[in-house]
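Student: Please take one part of this model and examine it closely, giving the cut-offs behind each term.

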Amino acid sequence: MKRLIGVGVGPGDLELVTVKAVRVLREADVVLVPVLAGSALQTPEPGRAETIIRAYVDAGKIKRVEFALNDTGGVTPRRAAAWRAAGTAVAAEFAGGASTVAFGTLGDPNLYSTFSYLAQTVRDLVPGVDVQTMAGITAMQDLASRARISLAEGTEPVTLVPLNGGVGALEAALASGGTVVGYKVGAAASPDPQTLRDSLHQAGRLEDAVIGARLGLPGEFITPAAEFLAPAAEFLAPASASPSTPESAPAPTSEPKNIPDIPYLSTLIIPVRRPSRGSSLARNQSAPETRRTDGTLGRSYAAQCSIGPTEGSGPTEGSGPTEGSGPTEGSGPTEGSGPTEGSGPTEGSGPTEGSGLAEAGGPAGAGGPAGAGGPAEAGGLAGAGGPAEAGGLAERARGRVSFVGAGPGAPDLLTLRGANVIAAADVVIWASSLVHPDVLTHAGKNAEIVDSARLPLEGVLPYYERAAEEALNVARVHSGDPSLWGAIQEQLDQCAALNLDTEIVPGVSSFTAVAARIGRELTIPEVAQSVILTRLGGGKTPMPPGEQVAEFARHGTTMALFLSAARSAQLQDELLAGGYPPDTPCVIAFQVTWPDELIVHCVLEDLAASIKERKLWKHTLVLVGPGLGAGGSRSHLYHPGHFHGYRKADRKARKQLRAAHRPTPADGP
């Protein structure tokens with residue numbers, strides 16, 4: 001059996017790769033990484049995806065593939081020939097004896113990724129090939145954790161929109177309420193900074209928005225949108241000021257100042273406004289400030305996970321553009337995902353003593369736990385002994401609570417950073433009803449293990465109070481991703497009041513894991529380019545006005561519905577009322593990546609009956625939308641006629657691209 005596996009390696013930070021991704025990359029016969037056409041031999045530095053993979057895989061196994069200068073739709077013979085060349089390179093590896101070919105791509109392969117185009121071509125060239133994807137951490141999740149933003153709570157929806165299609169999709173998403181995430185910010189076709197600022201300001205959402213780029217890499221960029229999108233005159237102080245000039249008056253300028261350019265392929269998060277914001281980056285309150293340490297800086301806990309990098313690895317300065325992943329994403333899953341953000345069972349399993357992977361050997365060329373866990377010593381974690389010596393705290397002045405995303409269920413979908421945080425924790429708090437017990441194999445032998453399955457928030461707070469008093473490290477393990485319906489905002493507020501350091505470690509979300517399990521991209525060009533994450537109203541938590549499923553359904557794009565299976569008839573009725581045709585493809589996913597996982601494909605008119613027949617009341621996620629049944633079309637990112645900060649457009653191809661997408665005048669009356 002020949003296998004092609006699209007492996008999501010996260011947005012850039014070497015530690016935000018899952019344990020399973022590292023294993024699959026190491027077990028593959030060859031690992032392919034994408035490069036821009038014509039640069040496979042000339043580019044001296046590896047791109048971002050290749051840089052991450054080189055940290056864990058021997059460089060001799062990695063091969064570069066010129067990628068995406070072709071078109072599976074056959075728009076032109078030249079494009080069709082170029083697109084086929086990338087698939088031919090993969091087919092050649094199989095012909096040469098490889099049984100498993102891994103293709104590394106940034107983020108998650110089923111969100112704005114070009115892996116689906118490659119897979120489509122390889123299927124044509126290699127009949128019977130088994131195509132799989134492996135879920136990865138997205139830029140949205142990493143930015144949310146670094147900016148300390150809770151993406152969704154209660155009934156709040158999250159909408160993902162690509163901004164290279166114009167500002168209209170963004171404005172429609174803002175009008176629908178909830179958190180909005182914009183991808184491809186700074187791309188050639190995305191709104192200019194002034195237009196973006198005006199749209200956010202008019203919606204009353206500018207002050208909360210955050211922009212991030214090159215997350216976890218040298219030159220990382222994270223800043224409040226209100227500051228970055230301000231005209232230069234607003235934040236540049238004048239060389240001198242007249243004593244008579246009032247302080248509130250605008251600074252005089254001799255020439256107009258423009259808003260600075262947005263970094264290429266940035267990510268924009270516009271969080272929903274809540275009465276309490278805790279310690280968000282964009283709007284800090286007067287509560288005691290909470291500190292956190294990002295992955296690119298020193299850390300004060302030891303690296304203990306044995307799946308470490310190869311010797312001498314680490315981010316390469318000046319690594320190339322976002323490769324192999326559409327906008328900033330690019331990975332997918334082999335293991336599905338639990339329904340609600342990481343729901344899943346195995347009640348009552350006790351903790352496993354021992355330090356988990358800590359004693360299983362370190363990275364290639366390094367023995368033992370010291371230096372074993374995260375990325376190489378340059379820019380990675382401290383050794384196994386104690387606090388990070390460079391950039392970390394000399395000694396632990398106060399306690400820390402780390403909210404760790406454990407993923408949808410399968411324990412090997414935990415990230416390496418998550419494993420290291422759990423390994424260094426004095427106290428590990430987990431819910432046996434939602435998190436796989438094998439996650440606890442990473443805990444230290446002396447760690448205190450607390451099952452929170454039966455505890456309310458008031459039952460967890462004493463452990464946070466102890467952490468503040470005794471300067472303890474607490475790992476609070478959540479299913480899925482903590483930023484999505486993880487109920488972490490109220491915990492962040494409590495930590496701020498206790499003067500505790502806090503950190504959010506992203507986890508693989510159930511909606512991307514389900515997409516991986518079924519082998520489908522959620523964002524198909526010209527079919528569905530936005531993704532809406534929401535839940536059905538009418539339960540214990542009422543939905544805010546304007547955030548009903550029927551209203552979101554009017555967009556006709558891909559939707560992921562959490563916590564809604566118990567009212568399947570209402571869910572089906574609202575989706576139909578919103579405009580989805582009765583034959584719209586749906587996927588029902590129960591306990592994906594758990595031993596009792598179940599995945600059901602149906603059409604919308606049979607959705608309620610399919611759920612009731614199998615008695616799926618909880619731990620179930622529903623995907624719906626035309627993209628679940630559509631084939632791929634051409635992505636612009638790697639089109640020879642598309643240009644960006646790292647590549648010039650071919651003039652002839654540019655004209656062809658513009659002509660193909662020139663609006664057709666509407667017929668007159």
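Tutor: In helix α7, which spans residues 193–202, the buried residues are Pro193, Leu196, Arg197, Ser199 and Leu200. Because they cover an arc of only 165° around the axis, they lie on the same side of α7; the arc is that of the directions from the helix axis to the C-beta atoms. An α-helix has 3.6 residues a turn, so residues three or four places apart point the same way. On the other side of α7, His201 and Gln202 are exposed. Here buried means under 20% relative accessible area and exposed over 50%, with partly exposed in between, for a 1.4 Å probe and protein chains only. Helices are DSSP runs of H or I with at least four residues, strands are runs of E with at least two, and both are numbered from the N terminus.

This is a predicted model, in which local features need pLDDT of at least 70 and side-chain atom pairs count only at pLDDT 80 or more, while totals for chains, interfaces and linings use all residues. Residues are numbered from 1 along each chain as its sequence is written, and side-chain values use heavy atoms, with hydrogens and water left out.

The two ends of the helix can be described next. At the start of α7, the backbone nitrogen of Gln194 has a side-chain oxygen of Asp192 within 3.1 Å. Just after α7, Gly204 adopts a positive phi of about 70°.

Note on methods: Polar contact = N/O pair within 3.5 Å; in protein donor to acceptor, adjacent residues only side chain to side chain.
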